[in-house]
Amino acid sequence: DPEKRTILIAGDVTSKFTRRSREEYYNIARYIHEVVKNRHGNYMVFFPSYRLMQDVYEVFAGKAADSCEILMQHSNMKEHEREAFLEEFEKERQGTLVAFCVMGGIFGEGIDLKNDRLIGAIIVGTGLPQVSDEREILKNYYDERGLSGFDYAFRYPGMNKVLQAAGRVIRTSEDRGVILLLDERFLQREYGALFPREWEKRSVCGLPQLREEVSRFWSDVRKEL
């Protein structure tokens with residue numbers, strides 16, 4: 001049911017490498033903070049790389065350390081570390097948990113956090129794979145056949161990771177939650193065409209509008225309950 005989740009897009013931030021700066025990390029952190037402070041609960045924030053995740057984490061932790069618990073995925077996590085990470089979502093808590101994760105990683109797909117175990121997913125960036133020889137070969141292969149090599153080598157795999165991450169929020173017909181996409185590129189026609197049909201109802205917002213939209217959504221949920 002589209003009424004059980006709200007999809008928001010912020011078009012004034014980006015994860016583009018050429019735009020990365022302390023100011024951009026601060027703007028991303030403000031969006032994250034605005035969502036998670038609106039309602040206590042468990043949230044996941046997904047990033048395209050460990051480096052960007054770490055950079056934004058440092059800014060966010062300085063801003064929100066006193067108002068929520070913060071977890072961060074590490075590379076090469078052992079099985080018991082993964083289990084301990086997920087067990088945090090099972091705990092009863094009065095406050096808010098914010099977990100920083102990597103798109104396409106161990107927490108970006110295949111985990112099932114139902115009901116109030118996860119009430120929001122914030123996706124930073126379009127998930128494009130890093131440029132590599134393998135990606136360039138794939139791109140050239142499709143270009144030579146008159147198809148869009150960039151789509152097949154980069155855009156499609158990236159959006160697949162975005163959709164997987166967003167899909168962590170709504171796992172059953174009873175779940176309710178917020179999905180926030182943080183990147184101006186999501187407003188481009190090429191990306192919008194890849195959104196699922198059920199994402200037709202979505203809102204573009206800046207920080208003031210985000211605050212209103214999230215507040216209105218949770219207010220409607222409370223009325224429904």
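I began with a pairing: Thr-6 has Val-178 as its bridge partner in strand 6. I noted that this is a predicted model, where local features need pLDDT of at least 70, side-chain atom pairs count only at pLDDT 80 or more, and totals for chains, interfaces and linings use all residues. Residues are numbered from 1 along each chain as its sequence is written, and side-chain values use heavy atoms, with hydrogens and water left out.

**Strand 6**

I looked up the pairing next (two strands pair if DSSP finds at least two bridges between them). Strands here are DSSP E runs of at least two residues, helices are H or I runs of at least four, and both are numbered from the N terminus. Strand 1 and strand 6 run parallel over six bridges. Strand 5 also pairs with strand 6 in the parallel sense, over five bridges. There, Gly-120 has Val-178 as its bridge partner.

Is strand 6 mostly covered or mostly open? I found six of its six residues buried (under 20% relative accessible area; exposed is over 50%, partly exposed in between; 1.4 Å probe, protein chains only). Gly-177, Ile-179 and Leu-181 point one way, Val-178, Leu-180 and Leu-182 the other. Side chains in a regular strand alternate between the two faces of the sheet.

**The cores**

I then traced the nonpolar cores (buried Ala, Val, Leu, Ile, Met, Phe, Trp, Tyr and Cys residues joined through side-chain atoms within 4.5 Å). The largest has 37 residues, and Val-56, Phe-60 and Leu-182 are among those that touch the most other members. Helix 1 gives this core its largest share, seven residues. Another core, of 29 residues, lies apart from it and includes Ile-7 and Ile-179.

**Met-53**

I stopped at Met-53, in helix 2. Why does Met-53 count as buried? Met-53 counts as buried because its relative accessibility is 1%. Leaving out residues up to four places away in sequence, Met-53 touches Phe-47, Met-72, Gln-73, Phe-100, Cys-101 and Val-102 (contact means heavy atoms within 4.5 Å). Met-53 and Glu-34 are 19 residues apart in sequence and 18 Å apart in space, C-alpha to C-alpha.

**Tyr-156**

Last, I checked Tyr-156 in helix 5 (residues 149–166). Tyr-156 counts as partly exposed because its relative accessible area is 35%.
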